[in-house]
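I opened this notebook to record what I looked up in the structure. The entries follow the order in which I worked.

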Amino acid sequence: MKKLLLAAAFLASLQAQAQTLATATFAAGCFWCTEEAFEKVPGVVSVISGYTDGRTKNPSYEMVSSGTTGHAEAVEVKFDPAKVSYEKLLDVFWINHDPTYVDRQFCDHGSQYRPGIFWHDEAQKRAAEASKVKYEKILKKPALTPIVKASQFWPAEDYHQDYYKKNPVRYKFYVSGCGRYARLDELWGSLRK
């Protein structure tokens, strides 16, 4: 009986936690890299790589990478607003992408690699717009990153989830060969430290 009560309390606690979590969706080029950046943030509970803002239902990586579905590689971030603010997530987003391009990030080209902030409510929309102004002042030029209403998010295949953890050597080769961190350091300097 005691074990049953403990299990019920544990499930109730999980349910209460799920009700307090918020969702944020960002596209910053390769979703492997975006996932890594957000998973390191205290207060972030989960980060799922996937696809959003497209025309095709339940797209596969092969479909999205062909550039024909209209989707962007993105991440869905579940976070505890009592531990991390949406504004902090926006800061993480900005310093982990290059807002000077529309349909490319680093060595990845095509609309599927376009950056974007996908807001889930009016408060997120206002915060995203304010953050864009803030980072344009730092850049001293317009940020081309769009801010749009979130649409259906489709999780990517399992082999894409936590790719940077499962394949650390390949991942490091990709990010260094792609010039990602060098460009981010060039753009954002000390903000990335």
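**Notebook entries**

I began with helix α8 (residues 180-188), where E186 and R183 sit 3 residues apart and are therefore separated by about one helical turn. I take helices (H or I, at least four residues) and strands (E, at least two) as DSSP runs, numbered from the N terminus.

I noted the basis of the entries: this is a predicted model, in which local features need pLDDT of at least 70 and side-chain atom pairs count only at pLDDT 80 or more, while totals for chains, interfaces and linings use all residues. Residues are numbered from 1 along each chain as its sequence is written, and side-chain values use heavy atoms, with hydrogens and water left out.

**Salt bridges**

I then looked up the side chains of E186 and R183 and found that they meet in a salt bridge, at 2.7 Å from N to O. My criterion for a salt bridge is a side-chain nitrogen of Lys or Arg within 4 Å of a carboxyl oxygen of Asp or Glu. By this rule I count 8 salt bridges. E186 is exposed, with a relative accessible area of 59%. I use buried for under 20% relative accessible area, exposed for over 50% and partly exposed for values in between (1.4 Å probe, protein chains only).

How far apart are N and O in the salt bridge of K40 and E36? I recorded 3.0 Å for this pair. K40 is exposed, at a relative accessible area of 56%, whereas E36 is buried, at 12%.

D162 forms a salt bridge with K165, and their closest N and O atoms are 3.9 Å apart. I found D162 partly exposed, with a relative accessible area of 23%. A network of salt bridges links E39, D162 and K165.

**The sheet and its helices**

I traced an open sheet of 6 strands with mixed pairing, in the order β7-β6-β1-β3-β2-β8. Its edge strands, β7 (147-149) and β8 (153-155), each pair on one side only. Two strands pair if DSSP finds at least two bridges between them. From one strand to the next, the twist averages 35 degrees.

Within the sheet, strands β1 (residues 22-27) and β3 (residues 72-79) run antiparallel and are joined by 5 bridges. I noted F79 in β3 as the bridge partner of A22.

Helix α2 (residues 31-39) lies across β1, β2 (44-52) and β3, and runs at about 165 degrees to β2. Helix α5 (residues 122-139) packs on the sheet, touching β1, β6 (116-119) and β7, and its direction makes about 155 degrees with that of β6. For these entries, axes are lines fitted to C-alpha atoms, for helices over the stretch in contact, and angles run from 0 to 180 degrees between N-to-C directions.

I next examined α2 against helix α7 (residues 168-178): their axes are 11 Å apart and the packing angle is about 105 degrees. The two helices are therefore roughly perpendicular to each other, a label that covers 65 to 115 degrees; angles under 35 count as roughly parallel, over 145 as roughly antiparallel and the rest as oblique. W32, C33 and E36 in α2 meet Y171, Y174 and V175 in α7, with contact meaning heavy atoms within 4.5 Å.

**Nonpolar cores**

Which members of the largest nonpolar core touch the most other members? Of its 43 residues, I listed F26, F38, V77, Y86 and L89. Helix α4 (residues 86-94) gives the most to this core, with 6 residues. A nonpolar core is a set of buried Ala, Val, Leu, Ile, Met, Phe, Trp, Tyr and Cys residues joined through side-chain atoms within 4.5 Å.

Leaving aside neighbours within four places in sequence, Y86 is in contact with A24, F26, F79, I117, Q124, A127 and A128. I also recorded a second, separate core of 6 residues, including A27, A72, F118 and F153.
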